[in-house]
Amino acid sequence: MDKLRFVDLFAGLGGFHLGVGRLGHDCVLASEIDPELRDIYARNFGIEPHGDIRAIDPRGVPDFDLLCGGFPCQPFSKAGTQAGLDCERNGDLAGVVVDWIRARRPRFVILENVANFERHDNGRTWRWLDRELRHAGYPFVQKIVLSPHRFGIPQIRERLFIVAARDPHVSFTWPEPSDVPTSIRSVLDPAEAGTSISPKIERAIEVWAEFVRLYPKNARKPHFPIWAAEFGATYPYLAAPPLAVPAAARVGRGSFGALLAGLDAVELEAALPPYARGTKPFPGWKKGFIDLNRQFYREHRSWIDPWLRQLRGFEHSYQKFEWNFEADTDSLWDTVIQMRGSGIRAKSPRTAPALIASSTSQVPIIGWERRYMTARECAQLQDMGGLEALPRTFTGTTRALGNAVNAKMVELVARQLVGYAPHLSLVANG
């Protein structure tokens, strides 16, 4: 494969630049709307990115062979509004990418987005993009969901990769996953001083650590979220939520067994878990979780009741807990922990959860060190630990990394599609 010229659209911290650049190919243009990230990109790669891609005429840019882009994922993410192509803010950007491809018809295309992109709108969004690529002259179009933890990097981050080529007979196979187990310890830096967790968070985790210690030995951890407010609750929920029942007919107990009879509307709402407030019927999944938690309480009440008292003073998000892996430890402090609005989550020490752009509160906690991961360690999870410059603040860095494409995954996919540049052929051949 000849040395190629590529463009890096929605460049961010430069995951595509890192991955494709390692193969010896040259970036001739980058585009990034965020001013701070443009400055950081220039410092790291020596290229000053253009701003908003909508303001760039693709017919006026340098020639290029490969188009790379991780167009904004928020319109297609399960965590967002899922407005898709109709999203007023950036739903049009997938179409802008297609316009670039039509205008310049590069030999190759590599795109990345959230895994939900292919399922969005019952598959219509993916079928639209697939059709547009083929109509633009790309008979070879393939997609796959890949995650770094299957390729040696300890982060579970499922993302959809899409490749396209003008040559229908292009030689391409997806990279083969590795069976070698990962460990988050491989990205931890003893020299980095991570931020310690607050005493309040440490206390909340310790309460749940005791829950884990009290849990019957050799029994499988619950496969559903633990909602402690349901321990002792008996309010009706199958036919209608409590707030939809006339006052004279209200019976049962609310959070942690609080009596509901005789309460006015304000008192009743306060006595119910937040997820049980409102007047609309509960969806099936919520009814299922309530039922599982009440059954769990009936089976384990003897050891839960003495433990439960110490949990009641915490906010509601700390009163929920999930054990998200097949346990090979009985200590919560031996896990990677996330503090989420949906509860405290215990993750395997082999992998970190996916970095997200929306909140620094969900940065992984290294349980055995009782601290958050550092910005540089988070960068390692995206295979960007070697970048000289990162955003000035921890918040800015985690947001940028949460939006970034994993550089290692780009390198692996690009190696299969376009190969090494000639001057790196000896490296490619080992």
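Colleague: At what angle do helix H3 and helix H4 pack?

Modeller: This is a predicted model. In it, helix H3 (residues 93-104) packs against helix H4 (residues 124-135) at about 10 degrees, and their axes are 10 Å apart. Angles under 35 degrees count as roughly parallel, so H3 is roughly parallel to H4. The crossing of H3 and H4 is right-handed.

Colleague: Which residues in H3 and H4 meet?

Modeller: From H3, the residues are Ala 94, Gly 95, Val 98, Ile 101 and Arg 102; from H4, they are Trp 128, Leu 129, Glu 132 and Leu 133. Sorted by class, the contact of H3 with H4 has six nonpolar residues, one polar and two charged.

Colleague: Now the other pair. How do I read the angle between H5 and H7?

Modeller: The axes of helix H5 (residues 199-214) and helix H7 (residues 284-308) cross at roughly 125 degrees and come within 11 Å. H5 and H7 are therefore oblique to each other. H5 passes H7 in a right-handed crossing.

Colleague: Which residues in H5 and H7 meet there?

Modeller: H5 brings Val 207, Trp 208, Glu 210, Phe 211 and Leu 214, and these meet Phe 296, Trp 303 and Trp 307 in H7. The contact of H5 with H7 has seven nonpolar residues, one charged and no polar.

Colleague: Which residues line the largest cavity?

Modeller: The lining consists of Phe 211, Val 212, Tyr 215, Lys 221, Pro 222, Phe 224, Ile 226, Phe 321, Glu 322 and Trp 323. Phe 211 is also one of the H5 residues that meet H7. H5 and strand S8 (320-323) each supply at least two residues of this lining, and the largest share, three residues, comes from S8. By class, the lining of the largest cavity divides into eight nonpolar, two charged and no polar residues.

Colleague: And what lines the second largest cavity?

Modeller: The second largest cavity holds about 60 Å³ of space. Ten residues line this cavity, and those nearest its centre are Leu 355, Ile 356, Gln 362, Val 363 and Pro 364. The lining of the second largest cavity has six nonpolar, four polar and no charged residues.

Colleague: How does the lining of the second largest pocket divide by class?

Modeller: The lining of the second largest pocket has eight charged, five nonpolar and three polar residues. For the second largest cavity, the lining has no charged residues.

Methods:
Residues are numbered from 1 along each chain as its sequence is written. This is a predicted model: local features need pLDDT of at least 70, side-chain atom pairs count only at pLDDT 80 or more; totals for chains, interfaces and linings use all residues. Side-chain values use heavy atoms; hydrogens and water are left out. Axes are lines fitted to C-alpha atoms, for helices over the stretch in contact, and angles run from 0 to 180 degrees between N-to-C directions. Helices (H or I, at least four residues) and strands (E, at least two) are DSSP runs, numbered from the N terminus. Angles under 35 degrees count as roughly parallel, over 145 as roughly antiparallel, 65 to 115 as roughly perpendicular and the rest as oblique. A crossing is left-handed if the near helix is turned anticlockwise from the far one by less than a right angle, and right-handed if clockwise. Contact means heavy atoms within 4.5 Å. Ala, Val, Leu, Ile, Met, Phe, Trp, Tyr, Cys and Pro count as nonpolar, Asp, Glu, Lys and Arg as charged, and the others, Gly among them, as polar. On a 1 Å grid over the protein atoms alone, a cavity is a set of points where a 1.4 Å probe fits but cannot get out, and a pocket is an open set with protein on both sides within 12 Å along at least five of seven lines; lining residues have an atom within 4 Å of a point. Grid points are joined across faces, edges and corners, and a volume is the space filled by probe spheres set on the points.
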